Amino acid sequence: MVANRERVLARLHSRIRACTKCVYAGHLPDAFPIVAGKASDRVMIIGQAPGAVEVTTGLPFSGRAGAELRRWLAEADIDEAHLPYRTAITKCFPGKAASGAGDRRPSPAEIALCAPWLEAEVALVRPRVVLLVGTLAIERLWGRVPLSEVVGKSRVDDGRVLIPLPHPSGASRWLNDPANRVRLRRALALVRRTVRGLDNAASAGRMHPST
């Protein structure tokens with residue numbers, strides 16, 4: 001059964017990587033959708049969109065922001081050898097922001113075109129824990145709310161534990177506030193406890209996460 005799900009996911013990934021909907025709609029000059037992970041992954045990371053470095057590597061979260069995110073994951077006892085499923089609200093690099101500070105935020109039209117892919121990923125992988133990285137992912141799956149009100153908290157939605165995290169980009173100044181750094185530490189401790197709960201449940205023959 002697991003092998004069959006992996007084959008189905010491989011076909012889904014092939015379809016995602018062949019997608020050119022945003023190019024045809026005039027939102028992007030080129031398409032290079034990026035996604036990575038296995039159907040057996042119990043944890044899924046959802047970010048905003050790939051960056052310029054990801055275009056060269058073909059792997060999500062492989063730039064400087066990704067390196068920072070992996071340091072956060074290591075603090076939550078998730079090492080490089082066990083990286084979760086990695087995807088984003090939109091799958092292609094949207095280009096740099098007009099201001100020159102960071103990457104452009106995908107438009108509502110781009111998000112709508114890409115939404116069926118994310119829905120298909122979640123439906124197939126069936127993650128037990130979803131890490132929402134950045135405001136765009138939080139808005140789409142949690143709701144529009146200030147980071148300071150949700151980072152360090154979790155909630156269960158359709159059987160999945162949602163845990164919001166700030167964006168690890170150096171362009172973000174949110175973590176300059178010491179109180180927000182405390183919120184991040186609290187969130188990472190929550191990730192660690194929740195994932196450990198999955199491990200304990202699996203060992204006991206149960207498959208529902210502990211929060």
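Analyst: A residue is called buried when its relative accessible area is under 20%, exposed when over 50%, and partly exposed in between (1.4 Å probe, protein chains only). Helices (H or I, at least four residues) and strands (E, at least two) are DSSP runs numbered from the N terminus. This is a predicted model, in which local features need pLDDT of at least 70 and side-chain atom pairs pLDDT 80 or more, while totals for chains, interfaces and linings use all residues. Residues are numbered from 1 along each chain as its sequence is written, and side-chain values use heavy atoms, with hydrogens and water left out.

The part to look at is strand β1, which covers residues 43–47. Because five of its five residues are buried, β1 is largely enclosed by the rest of the structure. If you follow the directions in which its residues point, Val43, Ile45 and Gly47 go one way, Met44 and Ile46 go the other way, and all of them are buried.

Next come the neighbours of β1, where two strands are said to pair if DSSP finds at least two bridges between them. One partner is strand β3, made of residues 129–133, which runs parallel to β1 and is joined to it by four bridges. Within that pairing, Val130 of β3 is the residue that stands opposite Met44. The other pairing to follow is with strand β2, residues 85–88, where β1 again pairs in the parallel sense, over four bridges. Here Arg86 of β2 is the bridge partner of Ile45, and Thr87 of β2 is the bridge partner of Ile46.

Strand β2 is covered on both faces, for Tyr85 and Thr87 on one side are buried, and so are Arg86 and Ala88 on the other.

From the strands one can move on to the open spaces. A pocket, on a 1 Å grid over the protein atoms alone, is an open set of points with protein on both sides within 12 Å along at least five of seven lines, and its lining residues have an atom within 4 Å of a point. The second largest pocket holds about 340 Å³ of space, a volume being the space filled by probe spheres set on grid points joined across faces, edges and corners. Of the 16 residues that line this second largest pocket, Arg42, Val43, Ile78, His82 and Val195 are the closest to its centre, and Val43 is a residue of β1 that we have already seen to be buried. Helix α8, residues 178–203, gives the most to the lining of the second largest pocket, namely four residues.

The largest pocket, with a volume of about 890 Å³, has 36 lining residues, of which Ala65, Gly102, Asp103, His167 and Ser169 are the closest to its centre.

Methods:
1 Å grid on protein atoms, 1.4 Å probe; cavity = no way out; pocket = protein on both sides within 12 Å on 5 of 7 lines; lining within 4 Å.
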